[in-house]
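Work through the exercises below with the structure open. Try each task before reading its solution.

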Amino acid sequence: MTASIVPSSGAKRVLLAAPRGYCAGVDRAVLAVEKALDAHGAPVYVRKEIVHNRHVVETLAERGAVFVDEADEVPEGAIVVFSAHGVAPTVHEKAAERNLRTIDATCPLVTKVHHEAKRFAKEDYDILLVGHNGHEEVEGTAGEAPDHVQLIDGADDIASVQVRDPEKVIWLSQTTLSVDETMETVRRLRERFPKLQDPPSDDICYATQNRQVAVKAMAPECDLVLVVGSRNSSNSKRLVEVALDAGAGASYLIDFAREIDEAWLDGVRTVGITSGASVPELLVRGVVDFLAERGWEDVEEISTAEETLTFSLPRELRPRRVAR
Ligand code: 10G
Ligand code: SF4
């Protein structure tokens, strides 16, 4: 479907970006914790936030999920779910030492990047991993090949990066980056290393790309873009930046409708709404209702893509095949 935005008379209106919200990897990871709770009862331990969304984490915690920072906080022999962002091999090793029963909810598209890191490390490339320092996904990917990976987080890192052989350098990336910003980073990296190789396929995933394309389509029409998502959600934060770059008058990241400051709405006609890949639709509905109560009742969905991808549950939760 193509986006068509026809400005109307000056009345208040809402544009709702599509796609928005849950991606296939988040859907699978949240379901994995729910299924683990159903099958084994509480508590089910989860290393780090299963996805970076406050509402999701609080809701699962109410059901009996216990979120921990590291596997060594989990009692010996207990069940632990690894988050959608992925883990380094050392985390698997630590869990095995404690006889933990692991359920790996790493998104298959993150696992794909891990495979790339392993493959190019084996071929002895210098790997420039574009991503945000301290983000769990980057720690997991870099952990696959710590001796070959260097993190590129911003312009300062480009100037100081050193490689062993400029003929044998490849860049990989975190899955949830801004596409435009990453392409600019790569352009600048290539100024230093003209032989820099591209990843075999896009590391920034389909969901990240689609949500950015959708927000770009509506942002120029919007006096205000509200992005539903948590502060620690990389892809949600990127949507605010993309909205502003694409011409939104203002843009804010909110976890819940109650965080909307009424002053943001002063003089505003068109409000755009989108949400990050870890955000349940319920929270977007809350924002739509909040605005409707204040006169923004005219809601139009601006769709730039349809998503049909789904992933099967982590192996550990799939029904066992009975041999006949
Ligand atoms: O955008 P980030 O990576 O911070 O994560 P999120 O949990 O907010 O969204 C889903 C994306 C992932 C699980 C990373 S692959
Ligand atoms: Fe997977 Fe992309 Fe969702 Fe991350 S954002 S969980 S890579 S689909």
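**Exercise 1.** Find where Pro43 lies in this predicted model, and state the form of the peptide bond from Ala42 to Pro43.

*Solution.* Start with the place. Pro43 is in the loop between α1 and β2 (44-47). Next, look at the bond. From Ala42 to Pro43 the peptide bond is cis. Its omega is near -5 degrees.

**Exercise 2.** Lys48 has a positive phi. Is Lys48 buried or exposed?

*Solution.* First, the angle. Phi of Lys48 is near 65 degrees, and the residue is not glycine. Second, the place: the loop between β2 and α2 (54-63) holds Lys48. Third, the accessibility. The relative accessible area of Lys48 is 16%. Buried means under 20%, so Lys48 is buried.

**Exercise 3.** Classify Asn99 in the same way: buried or exposed?

*Solution.* Asn99 sits in the loop between α3 (89-97) and β5 (101-104). Its relative accessibility is 52%. Exposed means over 50%, so Asn99 counts as exposed.

**Exercise 4.** Describe the surroundings of ligand 2.

*Solution.* List the neighbours. Among them are Cys23, Cys107, Thr175 and Tyr206. Sort the shell by type: 6 residues are nonpolar, 3 are polar and none is charged. Finally, consider the space. Ligand 2 takes up the largest cavity.

Terms used. Residues are numbered from 1 along each chain as its sequence is written. Chains are lettered from A and ligands numbered from 1 in the order in which they are written. This is a predicted model: local features need pLDDT of at least 70, side-chain atom pairs count only at pLDDT 80 or more; totals for chains, interfaces and linings use all residues. Side-chain values use heavy atoms; hydrogens and water are left out. A residue is near a molecule or strand if one of its heavy atoms lies within 4 Å of it. On a 1 Å grid over the protein atoms alone, a cavity is a set of points where a 1.4 Å probe fits but cannot get out, and a pocket is an open set with protein on both sides within 12 Å along at least five of seven lines; lining residues have an atom within 4 Å of a point. A molecule sits in a cavity or pocket if more than half of its atoms lie within 2 Å of its grid points. Ala, Val, Leu, Ile, Met, Phe, Trp, Tyr, Cys and Pro count as nonpolar, Asp, Glu, Lys and Arg as charged, and the others, Gly among them, as polar. Helices (H or I, at least four residues) and strands (E, at least two) are DSSP runs, numbered from the N terminus. Buried means under 20% relative accessible area, exposed over 50%, partly exposed in between (1.4 Å probe, protein chains only).
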